[in-house]
Amino acid sequence: MSGLVEAKEPADPGAHVFVRDVVRAVLRRPSLWPTALAQAGDFAPRGWWQRKPFLPLPDPKYLEFRLETQYGETGRPEAQHVIEYLEWCRSMRKLRSSQG
């Protein structure tokens with residue numbers, strides 16, 4: 001029947017808290033904003049603006065793989081880990097730009 005909506009698995013409430021904490025942590029560090037935007041663009045699939053939800057979100061399977069290889073099957077990152085990663089990305093971009 002065309003009127004039925006496919007039921008989806010409920011979202012992990014812990015994921016919402018994690019995203020909220022990361023966004024807050026990044027917002028408190030304006031020097032990381034360009035790096036965070038660049039990384040969002042790097043992780044976003046091609047043509048993300050043509051598909052709902054029209055946000056540069058990484059592929060969920062890729063993100064799941066990356067998180068499992070870093071934290072294990074049940075591990076969860078902390079917002080500070082994302083900040084440290086963004087700081088590392090920023091330093092690597094500066095290093096590359098100074099070499100070339």
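Me: What does Asp21 form a salt bridge with, and how far apart are the closest N and O atoms?
Reply: In this predicted model, Asp21 pairs with Arg20, and the closest N and O atoms are 3.0 Å apart.

Me: Which helices do Arg93 and Asp42 lie in?
Reply: Arg93 is in helix α4 and Asp42 in helix α2, so this pair ties together parts that are 51 residues apart in sequence.

Me: And how accessible are Arg93 and Asp42?
Reply: Arg93 comes out at 30%, which makes it partly exposed. Asp42 has a relative accessible area of 53%, so that one is exposed.

Me: What does Gln39 touch, not counting residues up to four places away in sequence?
Reply: Tyr85, Leu86, Cys89 and Arg93.

Me: New topic. Which residues make up the largest nonpolar core?
Reply: There are seven of them: Val22, Ala25, Val26, Leu32, Ala79, Ile83 and Leu86. The elements giving two or more residues to this core are α1 (13–27) and α4 (79–99). Leu86 is in the core and also touches Gln39.

Me: What is Ile83 in contact with, leaving aside neighbours within four places?
Reply: Ala25, Val26, Arg29 and Leu32. Among them, Ala25, Val26 and Leu32 belong to that core as well.

Me: OK, aromatics. How many aromatic pairs are there?
Reply: The count comes to three aromatic pairs. One of them is Phe43 with Tyr62: the ring centres are 5.9 Å apart and the planes sit at 40°, so the pair is tilted.

Me: Where in the chain are Phe43 and Tyr62?
Reply: Phe43 is in helix α2 and Tyr62 in helix α3, 19 residues apart, and the pair links distant parts of the chain. Phe43 counts as partly exposed at 32% relative accessibility, and Tyr62 is partly exposed at 35%.

Me: What about Trp48 and Trp49, what angle is between the planes?
Reply: 85°, with 5.8 Å centre to centre, and the pair is edge-to-face. Trp48 is partly exposed at 27% relative accessibility, whereas Trp49 is exposed, with a relative accessible area of 52%.

Me: Last one: where does Arg51 lie?
Reply: Arg51 is in the loop between α2 (33–43) and α3 (60–71). Its relative accessibility is 42%, so Arg51 counts as partly exposed.

Me: Which residues is Arg51 in contact with, again leaving aside neighbours within four places?
Reply: Pro45 and Arg46.

Me: Which atom of Arg46 lies 2.8 Å from a polar atom of the Arg51 side chain?
Reply: The backbone oxygen of Arg46.

How values were computed: Residues are numbered from 1 along each chain as its sequence is written. This is a predicted model: local features need pLDDT of at least 70, side-chain atom pairs count only at pLDDT 80 or more; totals for chains, interfaces and linings use all residues. Side-chain values use heavy atoms; hydrogens and water are left out. Helices (H or I, at least four residues) and strands (E, at least two) are DSSP runs, numbered from the N terminus. Buried means under 20% relative accessible area, exposed over 50%, partly exposed in between (1.4 Å probe, protein chains only). Contact means heavy atoms within 4.5 Å. A polar contact is a pair of N or O atoms within 3.5 Å; within protein, one must be able to donate a hydrogen and the other to accept it, and residues adjacent in sequence count only if both atoms are side-chain atoms. A nonpolar core is a set of buried Ala, Val, Leu, Ile, Met, Phe, Trp, Tyr and Cys residues joined through side-chain atoms within 4.5 Å. A salt bridge is a side-chain nitrogen of Lys or Arg within 4 Å of a carboxyl oxygen of Asp or Glu. Rings of Phe, Tyr and Trp (its six-membered ring) pair if their centres lie within 6.5 Å; planes under 30 degrees apart count as stacked, over 60 as edge-to-face and the rest as tilted.
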